[in-house]
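Morning, everyone. I'd like to walk you through one structure today. Please have a look at it first.

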Amino acid sequence: MSEVIVPERTSVSPAPIVAWTPLGENAILVRSACDAIPAKVPVAVDGNPRNRAQTMVLSWRRPGAEPLAATGFLCLAPAPSVDNSGTGALLIGRPGRPLRLILAAKPQPLQTFLSELAEDAGQAFPSVVDGLLEVLLTGAPNPRRLRAVAMLLQTVARPGGFVEVMGALEGDGIFLQGWTSDFAAGRLKLLIAHGGLSPAHLEAGTFERGDLGEGARGFFGLLEDCQVQQPGEIERLYFRGSDGWRALEVYERYVLLEPITVPGHLRDGLARGTAPQTTTDRLRRASQRFDGRDTVCLLEEPVRAGIDSVTVVEDTGVLIIGWLFDPERRVDAVTLRSGGQSCAVDRLWTRVQRPDVTAAFMEDPRFGPALAARRNSHGFIVFAPKLLPEPGQPLHLAFEVQGTGPAFLPLEPNRAQARRALERVLGLLDPRSSTANAVVERQIAPALQAAEIVPPRAVETLDVGSFDAEAPLGLVIGLDHRQRELSALFALLAMDPEVRPLPIAIAAPSESFDRVGAEARRLARFYGLSVRLVAVEGVEDACDALEAGVRACRFQTVVLLSGAAQIRMPGWLGRLERAYRARGGQCVASPTLLFEDDSIRWAGAWLEGEGASRRIANRFVGYPLDAVGNLGPMEVAAGASECCVLSRAAFIEVGGFARNYFTTAEKGLDLCLKLRMAGSPSLWVPDVEVYAVDDTETAAPHAGALARLADRTSFDRRWALAISNMKG
């Protein structure tokens, strides 16, 4: 047929007024009648051929109507001008002569339009609606069109079965199971009613059910590419069957599956049902998810795994100690998962010797032959940073095994504070082994540095005497959990005329506050000292107590004194303070620290080496006191936090002590370097001498060397670059 042209101007007889309803902002649906019309025509709006489009026409016979109106029809047309500047006319091109229509002054509501369409089309209404749905679903959907589709489907869709089971599969859609007699297995297009209407796809398999009538079958599958996120939002599903549109109703008492059980239902459906290969492959991949079971133990391959401990380190990550028996190296990857979070632990872990695992499998005839090489490195320790189990989401390991896909191992984690959890790991290691060093450097140190540890907090204060929290100078004594002899300390403080009038804050762990507080109150009253007792939560060591004590007072200048320090002579504080004032109060003034045999424990921290090899060292450790001679105050790389004088404001400004170390040595060094970078260098005052007892900082004393290694590793990662560029 030759092309039909809509002329620029057409003179025709008066046109009929036709009903119409809007569909979105740019289209309208028009209903009218004529003698004959083809299935595809051009249509122009307002008599303007420039505002025209090709449109599909849906027509039906109107028995008993006059010849000029024997054919009813529907068509989509461009929307008329919103400013009413047009003629309100449509010009439809068709063979012979164009058809001119006048739009009614007001559009009809969609429901009214469809009711009148049903009355006019009669028995042809279902087929007309079927064609109209195809037209409306062609191209980009918009809310008004989809609303029209929903009304049409409610009118014409016939029952097509029921959805009886639903469950969300994380990241992969929604599982559906039910029955129908109207669609085959494979990929099916659907429309989902969920308050609105949206398209989706169903990858479905079918299976026989003895409780259904002839022709009906069970189905299962995954709903994909849909806007619906939760099964409970689904009201109804529409699909195109072989004889028209059908509706899958959601059974009123449907079964809602827990997400973790959905993979098992998919596997069950695949075992008893059928589907095209592409659908089967898609559903099988989706079914290979964790469902709460240990499936590693079910593997035919010589692969087994076990867990010794799993600890969720508060606000930090997950620490796992376990073993993987894989003598033939069948495992390609190991991933820690919880909900949408994951961490490739096999890229981070440190393998350790586990001869006990070798011995356990040596006698097993299934696995013994694979152990000919007698490898013992089956163990592993790994810290997964920033992975924290989500509420309601199980924690598990996924093992990618060659030839079989993933296998899973559920984990039951404990929760612990960072330092205590990591100290337990240190206690399991042999400090003489190279493996222990690797674990410390690759797992323990990064975990401690990543930890977001809550700072210590003063929870209670009690003043004895006329304590002045606003004094220009005050003494802060920090006690850890170990029992200290306070009587000698108080006596020495009271005997020193420069210390006796000062306010003294004593900070102690809240767990020992009753015992320490009672003794301190008695001694303070006896010697007439002004004391504030501070109970502190979150104390791991003396540095934590010192920090809380500093923050519990408002001294302009503070004197820090660790519980590990013991005063050797009167006048120590006056000389330290005078050296501090001589530098304008812009420094950290520290004395010489001695072991109990009068040998040197600390006599300044000094920069040694050049460039990348530069480090901070204590030169005189172990030397006799005479080795330092009669030196005067001098600037050093860092001071000693066990005993020092410094500005409270400077302390607060740099954030106080870092908590991401096991020992007080690195905590003090870190603080002094922060103060140095902020303009308060460290000053060593050699002629002031204070004892500092040699404390073991970790819960497991034999792990002290590993704790120091962890701290040194952490310190170097944080400060190596800055130290390499320091002057002096």
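The second largest pocket holds about 550 Å³ of space. This is a predicted model, where local features need pLDDT of at least 70, side-chain atom pairs count only at pLDDT 80 or more, and totals for chains, interfaces and linings use all residues. Residues are numbered from 1 along each chain as its sequence is written, and side-chain values use heavy atoms, with hydrogens and water left out.

What is a pocket here? On a 1 Å grid over the protein atoms alone, a pocket is an open set of points with protein on both sides within 12 Å along at least five of seven lines. A cavity is a set where a 1.4 Å probe fits but cannot get out. Lining residues have an atom within 4 Å of a point. Points are joined across faces, edges and corners, and a volume is the space filled by probe spheres set on them.

Back to our pocket. Its lining has 27 residues, with Glu170, Arg289, Phe290, Gly339 and His396 nearest the centre. Strands β8, β17, β18, β21 and β22 each give at least two lining residues. Strands are DSSP runs of E, at least two residues; helices are runs of H or I, at least four; both are numbered from the N terminus. By class, the lining has 13 nonpolar, nine polar and five charged residues. Nonpolar means Ala, Val, Leu, Ile, Met, Phe, Trp, Tyr, Cys and Pro; charged means Asp, Glu, Lys and Arg; the others, Gly among them, are polar.

The largest cavity holds about 50 Å³. Among its lining residues are Leu479, Arg482, Arg515 and Val516. That lining splits into three nonpolar, one polar and four charged.

Last, a helix pair. α14 (664-677) and α15 (704-724) pack at about 15°, axes 11 Å apart. So α14 is roughly parallel to α15, a label for angles under 35 degrees. Axes are lines fitted to C-alpha atoms over the stretch in contact, and angles run from 0 to 180 degrees between N-to-C directions. Contact means heavy atoms within 4.5 Å. On α14, Leu669 and Leu673 are among the residues meeting α15, whose contacts include Phe715 and Trp719. This contact has six nonpolar, no polar and six charged residues.

Key:
Parallel < 35°, antiparallel > 145°, perpendicular 65-115°, else oblique.
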